[in-house]
Amino acid sequence: MKHSQEFLQLVERVKPQIKELTMAEVRVHLERNPQARLIDVREDHEWKESHAERAMHLGRGIIERDIVAQVPDKTMELILYCGGGYRSALVAANLQMMGYQKVFSLVGGFRAIQESGYPVVV
């Protein structure tokens with residue numbers, strides 16, 4: 001999908017405020033901390049088509065509304081992914097503003113998950 005210049009500029013403005021992880025780093029985080037949450041922030045139809053094993057789904061349209069009910073512990077490690085790493089960066093910035101302390105966005109998103117050979121549910 002082609003992104004507008006305005007969208008890309010918005011993402012670039014928030015990236016310095018968030019932490020990003022590569023897929024190799026995500027694997028280490030998940031291994032070291034089994035309680036860490038891998039969260040898919042993509043649209044419902046993207047989730048239904050396929051998603052990372054162990055992931056929970058809280059789409060970008062609802063995550064800010066529902067995250068506290070799903071993950072009340074604001075010290076829980078949250079690793080967010082979308083299709084390519086843009087939407088998850090925006091969500092990471094919002095969750096940090098909501099008080100979540102250990103929020104990460106996956107560089108490359110779901111494409112990185114697939115390319116790395118990480119288990120995927122179809």
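A residue counts as buried when its relative accessible area is under 20%. By that cut-off, both Y81 and F110 are buried. The model is predicted. It holds two aromatic pairs, and Y81 with F110 is one of them.

**Pair F7–Y86**
- F7 and Y86 pair edge-to-face. Their ring centres lie 6.2 Å apart, with 65° between the planes.
- F7 sits in helix α1, residues 5–14. Y86 sits in the loop between β5 (77–81) and α5 (87–97).
- The pair therefore ties together parts that are 79 residues apart in sequence.
- Y86 is partly exposed, at 28% relative accessible area.

**Pair Y81–F110**
- Y81 and F110 are stacked.
- R42 lies over the face of F110, 4.2 Å from the ring centre.

**Helix α6**
- The buried residues of α6 are G109, F110, A112 and I113.
- Viewed down the axis of α6, these buried residues fall within an arc of 155°, so they line one face of the helix.
- G117 follows α6 and has a positive phi, near 85°.

Terms used:
Residues are numbered from 1 along each chain as its sequence is written. This is a predicted model: local features need pLDDT of at least 70, side-chain atom pairs count only at pLDDT 80 or more; totals for chains, interfaces and linings use all residues. Side-chain values use heavy atoms; hydrogens and water are left out. Rings of Phe, Tyr and Trp (its six-membered ring) pair if their centres lie within 6.5 Å; planes under 30 degrees apart count as stacked, over 60 as edge-to-face and the rest as tilted. Helices (H or I, at least four residues) and strands (E, at least two) are DSSP runs, numbered from the N terminus. Buried means under 20% relative accessible area, exposed over 50%, partly exposed in between (1.4 Å probe, protein chains only). A charge sits over a ring if NZ of Lys or CZ of Arg is within 6 Å of the ring centre and within 35 degrees of the ring normal. The arc is that of the directions from the helix axis to the C-beta atoms.
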